[in-house]
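Here is a short briefing on one protein model. Take a look at the structure first, then work through the points by topic.

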Amino acid sequence: MEDWATTIIAMLPNFVLAVLVVFLGVIIAKIAKNLIYKALRRVTKHESLLSLITTTIHVAIILVACFIALGVLDLTKTVTTLLAGAGIIGLALGFAFQDIMANFMSGVIMAIRRPFEEGDLIESEGSKGIIQRLNLRSTVIRSLQGQIHIIPNKEVFENTIINYNTFGKRRIDLECGVSYGDDLQKVKEVTLKAVKSVTNVLSEEDISLYFTEFGDSSINYVVRFWVKFKKQPDFLQARSEAIMAIKQQYDENDIMIPFPIRTLDFGIKGGEKLHEVWPKDNHKDSDN
């Protein structure tokens, strides 16, 4: 008992110092967590990422304080054993959960780089829709038809992302055709006038029309114009108004959008007249 009492009394100063080290570590960890949160808040507003980073730093500082406290108590071998065990466990978990870690790291990078925001219309990995949220493991998209697509962050990060909201505008390429008998210069002027009357068209951007081909029953063209874009209905409404405006102007200016024309040849050989190849007996039957 005397030996135990002597040992405790001898270690009491070190024990008190170890407790102070842990206490200071907790205080420093709390201060560092708040400061880092405020600093990272300027970079990203992703709350899950901010919480993860600040919590990780908070726990890491406390663990360092605990290891220092164990060193003060001359428990160096215990510290070495704990670090070795943590390294082995970390390595094993890294191999076991490498896909999860890949998705996690991709989510962290995207949260910092911010290639899109919640509410943006994007297209990735064959999925097109509105961003609902970016988790640390997956990206949640609501398709234009209302379905929810959950895509692993690794797939989004490693492949092409098309963001339709980046510039706040979007170009519409509208294809149509006019009759061979119409004046093409007049067609161009009337079409451009019709497009300019659309509500969302950006006047500072060029509106262009190019005739593209001699079709089977029409001369085809494409008219290109830019519209303000915040959400998908902006695009659909502008395109719908453009079609209606063009049709109205064509009706008022006697410009025709022709129906497809097909020639039916009933001859045995192309170009032969039907009455010349039709059997004579059939003529007699039809007369009777």
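Start with two strands. β1 (residues 121-124) and β2 (residues 127-134) pair in the antiparallel sense, over four bridges. Keep in mind that this model is predicted.

**The sheet**
- Leu121 stands opposite Ile130 in β2.
- Five strands make up an open sheet, and their order is β4-β3-β2-β1-β5. The pairing is antiparallel.
- β4 (148-152) and β5 (162-163) stand at the edges. Each has a single partner strand, so one side of each lacks a neighbour in the sheet.
- Strands of a sheet pair through backbone hydrogen bonds.

**Salt bridges**
- Side chains of opposite charge can pair when their charged atoms come close.
- How many salt bridges does the structure hold? It holds four.
- One of them joins Arg114 and Glu117, with the closest N and O atoms 2.8 Å apart. Arg114 is partly exposed at 36% relative accessibility, and Glu117 is partly exposed at 37%.
- Asp173 forms a salt bridge with Arg171, and the closest N and O atoms are 2.8 Å apart. Asp173 has a relative accessible area of 38%; Arg171 has 35% relative accessibility.
- Lys247 and Asp251 also meet in a salt bridge, at 2.8 Å from N to O. They are four residues apart in helix α7 (residues 232-252), so about one helical turn separates them.
- Lys247 is partly exposed at 43%, and Asp251 is partly exposed at 48%.

**A nonpolar patch**
- Phe23, Leu24, Ile27, Ile28, Ile31 and Leu35 make a nonpolar surface patch of about 590 Å².
- Ile28 lies in helix α1 (residues 2-41). Ile28 counts as partly exposed because its relative accessibility is 49%.

Technical notes. Residues are numbered from 1 along each chain as its sequence is written. This is a predicted model: local features need pLDDT of at least 70, side-chain atom pairs count only at pLDDT 80 or more; totals for chains, interfaces and linings use all residues. Side-chain values use heavy atoms; hydrogens and water are left out. Patches are made of residues with over 30% relative accessible area and no salt bridge: like charges are joined within 9 Å, nonpolar side chains (Val, Leu, Ile, Met, Phe, Trp, Tyr) within 5 Å. Accessible areas come from the Shrake-Rupley method with a 1.4 Å probe; for residues, only the protein chains shown count as cover. A salt bridge is a side-chain nitrogen of Lys or Arg within 4 Å of a carboxyl oxygen of Asp or Glu. Buried means under 20% relative accessible area, exposed over 50%, partly exposed in between (1.4 Å probe, protein chains only). Two strands pair if DSSP finds at least two bridges between them.
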